[in-house]
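Please look over the model below before reading on.

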Protein chains: 2
Amino acid sequence: MFKVNENFAKLPGSYLFAGIAKKVAAFQEAHPETEIIRLGIGDVTQPLAPAIIEAMHQAVDEMGKAETFRGYAPEQGYEFLRDVIAREDFQSRGCDISADEIFISDGAKCDAGNIQELFSPDSVVAVCDPVYPVYLDSNVMAGRTGLYHEETGKFDGVVYMPCTEANGFLPEFPKERADLIYLCFPNNPTGEAIKKADLQAWVDYANRNGSVIIYDAAYEAYITEEGVPHSIYECRGAKTCAIELRSFSKKAGFTGTRLGFSVIPKELVCGSASLNAMWSRRQGSKYNGTPYIIQRAGEAVYSPEGAKQVKEQIDRYMFNAKTIRDGLIDAGFTAYGGVNSPYIWMKTPNGMKSWEFFDYLLEKAGIVGTPGAGFGPSGEGYFRLTAFGTYENSLKALDRIKKL
Amino acid sequence: MFKVNENFAKLPGSYLFAGIAKKVAAFQEAHPETEIIRLGIGDVTQPLAPAIIEAMHQAVDEMGKAETFRGYAPEQGYEFLRDVIAREDFQSRGCDISADEIFISDGAKCDAGNIQELFSPDSVVAVCDPVYPVYLDSNVMAGRTGLYHEETGKFDGVVYMPCTEANGFLPEFPKERADLIYLCFPNNPTGEAIKKADLQAWVDYANRNGSVIIYDAAYEAYITEEGVPHSIYECRGAKTCAIELRSFSKKAGFTGTRLGFSVIPKELVCGSASLNAMWSRRQGSKYNGTPYIIQRAGEAVYSPEGAKQVKEQIDRYMFNAKTIRDGLIDAGFTAYGGVNSPYIWMKTPNGMKSWEFFDYLLEKAGIVGTPGAGFGPSGEGYFRLTAFGTYENSLKALDRIKKL
């Protein structure tokens with residue numbers, strides 16, 4: 001009899017957000033009268049910007065004519081998109097990244113899940129705690145962890161780096177050696193950012209220890225403060241130790257449109273093995289390119305009009321973030337994040353457990369958030385709210401929370 | 001120092017089609033005057049059908065308005081698409097497949113590459129020889145094979161099932177036990193189909209031996225003969241032993257638009273492990289859904305106008321196939337396929353090696369095909385031509401070949 005991949009059985013329950021979606025659906029069915037406000041999953045609500053819509057209409061028309069029809073895309077992505085990304089996202093910030101180090105994909109989640117395939121099965125993985133579940137789940141499925149323990153909320157064989165109030169939500173260098181270090185800044189779920197000097201220290205650490213940093217910069221467009229790096233390649237030496245993941249989901253509202261990219265510098269090597277060449281081989285064999293129409297949509301994000309429109313959307317979300325954060329603090333709650341990211345990381349009141357607070361908030365206020373414990377044991381006692389709703393709903397949610 | 005996945009080093013050279021693309025680009029640069037006819041990679045040339053274009057314009061407009069904007073898609077795909085697929089592709093053929101057994105993806109290549117993740121790392125893999133490279137390459141990367149031997153063109157630890165003139169290009173049951181059996185019908189690259197009774201025998205074999213069949217039906221829309229199954233679920237017992245992969249690339253010209261799906265029946269279990277549940281977990285953790293716009297495009301393929309337009313496109317490609325096949329046979333070549341598939345599998349003349357014939361045909365006639373040896377050792381001495389060009393180019397290519 002064939003055998004399944006037994007590592008799947010190590011995963012506790014379903015994917016975090018899928019589990020929450022089911023809970024919310026069950027609640028809504030039982031309480032059809034409740035107007036639920038969704039500040040849980042980080043899903044955007046503003047429509048795609050006009051410049052993007054226009055670019056897609058044009059691309060759709062091209063696909064309808066023989067002269068301009070496009071079949072298989074270049075596997076690494078169209079040059080028109082890789083070129084503008086290299087220029088606008090990196091070279092304009094002084095990062096020496098070229099178009100052939102950029103790999104277009106259908107989103108950062110896929111890349112975050114797939115990137116581990118490049119590394120040895122016995123690699124030791126370090127993650128922040130709390131953490132976006134994909135980094136860990138994909139390594140569990142690949143067999144890089146031991147068993148999960150419900151009591152601790154941890155997998156054996158994983159290096160956890162707690163990010164707590166005590167350390168300002170910045171991970172400390174682990175005592176154990178790690179081969180792969182996943183970092184996400186501005187952070188999901190804590191919403192806190194990293195200063196350039198602190199990120200430089202991580203780059204130096206990784207180079208010194210022969211580790212690779214998988215740097216998830218999905219929220220970089222939300223940075224508002226000076227001194228907070230938008231890319232890890234702003235740090236000296238990052239090209240020999242870091243892969244960066246980027247997303248259009250939060251930058252331009254592409255959660256349902258699907259576009260992202262990975263940066264794998266040519267200097268990132270292990271002996272004679274180039275990670276850039278390996279990823280090219282991986283994508284060439286297991287991926288078939290991102291839709292032409294979507295790549296044109298991505299290009300429009302960088303046009304003068306597109307960039308302006310997208311910036312206005314982000315400003316609106318960040319106004320929500322400020323409103324929620326300040327409102328919570330005014331009401332006596334403790335809350336972090338929301339300055340360089342669209343996430344607010346609030347402390348649950350009266351030491352409530354985070355899943356308990358999830359149920360309480362859903363039942364009493366009709367608000368969906370994400371329990372901190374879902375992101376890891378150090379997330380216990382916290383709760384993530386997103387700024388991706390409408391301003392009206394953000395205000396309404398705040399009002400309902402204050403009245404609890 | 002971190003270590004890479006050493007299995008990548010087992011792969012000989014680059015992904016087949018990427019390698020050919022580079023060779024052709026180099027030739028074109030050296031011979032800018034040659035008008036190259038591309039019958040190599042299976043890429044379509046007809047524009048998307050009007051009904052599909054219309055559906056995409058409408059979906060793009062929806063994405064531009066707050067009331068109709070769509071964020072993250074349901075991870076398994078929108079119900080509107082899964083429902084119509086279940087009904088039109090399966091239930092209408094008497095296959096008892098329901099919408100919750102269908103997983104929408106961005107194409108069959110990704111699914112074909114990723115599906116192996118569900119199985120134990122020590123699973124024994126059986127593939128046809130010749131074969132579409134993705135099945136094998138993805139298992140090599142996952143460590144399910146031994147080393148590659150240039151002399152034999154084979155990996156250690158893989159069960160090869162030769163498909164040759166002698167057995168009518170139908171694989172025979174392997175002598176060795178295999179856990180995963182990859183079958184593709186109508187076949188890429190040979191272009192030959194399987195009769196229902198023969199496929200039933202494979203289903204019975206798999207159920208008897210506790211094997212799983214990964215059935216790639218990417219070319220089912222090209223079937224013209226009665227008695228050739230469109231789905232493996234037309235066979236009794238297939239739901240307990242088979243996963244089916246489907247593609248919109250060839251059915252509706254989506255090579256640059258990206259849409260496909262996998263069917264994983266709920267009856268497909270190993271002890272208490274449900275492959276349907278495992279794939280749901282895998283996709284939930286490592287995939288983030290197919291763009292809404294593209295799923296609407298897929299839905300339009302099944303509308304009365306869409307279905308009619310798509311059928312006309314397929315008929316045009318199949319007229320090319322017939323033209324090429326009959327023309328080659330008339331000219332004294334031996335050629336297979338082209339009746340239930342868009343591929344013609346010709347024997348190289350005078351016992352030429354297939355890569356030798358590739359160079360010869362490119363240099364002397366400016367025609368790009370795919371050398372049979374690129375698909376496996378039993379492909380040696382064969383050459384794949386596709387019917388996806390225009391009719392004019394198909395005729396022109398035939399004419400150039402006849403004049404050689």
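A residue is called buried if 20 or more other C-beta atoms lie within 10 Å of its own, exposed if 12 or fewer do, and partly exposed in between, with the C-beta atoms placed from the backbone. The model is predicted, and local features need pLDDT of at least 70, side-chain atom pairs count only at pLDDT 80 or more, while totals for chains, interfaces and linings use all residues. Residues are numbered from 1 along each chain as its sequence is written, and chains are lettered from A and ligands numbered from 1 in the order in which they are written.

Start with A:Lys109. Is A:Lys109 buried or exposed? A:Lys109 is buried, because 26 other C-beta atoms lie within 10 Å. A:Lys109 belongs to helix α4 (residues 108–114) of chain A; helices (H or I, at least four residues) and strands (E, at least two) are DSSP runs numbered from the N terminus. Two residues are in contact if their C-beta atoms, placed from the backbone, lie within 7 Å. Apart from neighbours within four places in sequence, A:Lys109 has contacts with A:Val134 and B:Asn288.

A:Lys109 is also part of an annotation. An unreviewed UniProt entry gives the feature "binding site" at A:Tyr15, A:Gly42, A:Lys109, A:Tyr132, A:Asn188, A:Asn288 and A:Arg384. These positions span 370 residues of sequence and are spread in space as well, up to 35.0 Å between C-alpha atoms. UniProt positions follow the numbering used here, feature names are shortened, and annotations may be inferred rather than shown by experiment.

A:Arg384 counts as buried, since 26 other C-beta atoms are within 10 Å. Residues up to four places away in sequence aside, A:Arg384 is in contact with A:Pro189, A:Tyr343, A:Trp345, A:Gly369, A:Thr370 and A:Gly372.

A:Gly369 is also touched by A:Phe358, as is A:Pro371, when residues up to four places away in sequence are not counted. A:Phe358 lies in helix α11 (residues 354–365) of chain A and is buried, because it has 25 C-beta neighbours inside 10 Å. From A:Phe358 to A:Phe383 there are 25 residues in sequence and 7.8 Å in space, C-alpha to C-alpha.

A further "binding site" annotation, again from an unreviewed UniProt entry, includes A:Tyr72 and A:Lys109 among its positions. A:Tyr72 is in the loop between α2 and α3 (79–90) of chain A. With 19 other C-beta atoms within 10 Å, A:Tyr72 is partly exposed. Not counting residues up to four places away in sequence, A:Tyr72 touches A:Asn288 and A:Gly289, and also B:Ile41, B:Asp43, B:Thr255 and B:Gly256.

Now take chain A as a whole. Chain A is divided into domain 1 (7–48 + 306–402) and domain 2 (53–304); such bounds come from an automatic or database domain assignment. The centres of the two domains of chain A, taken over C-alpha atoms, are 24 Å apart. Their contact involves 38 residues from domain 1 and 46 residues from domain 2 of chain A. On the side of domain 1 that touches domain 2, the elements giving two or more residues are α10 (304–330), β13 (335–337) and β14 (343–347) of chain A. Of these, α10(A) gives the most, with seven residues.

How many residues of chain A are in contact with chain B? In chain A there are 71, and they meet 71 residues of chain B. α2 (50–63), α4, α5 (133–141), α8 (275–286) and α9 (292–300) of chain A each supply at least two residues to this side of chain A. The copies meet through the same surface, because 100% of the interface residues of chain A are also interface residues in chain B.

A rotation of 180° with 0.0 Å of shift along its axis superposes chain A on chain B, with RMSD 0.0 Å. The two copies are therefore related as by a two-fold rotation axis. Copies are superposed by least squares on the C-alpha atoms of residues with pLDDT of at least 70 in both. Of the residues of chain A, A:His57 comes closest to the rotation axis, at 3.1 Å (C-alpha).
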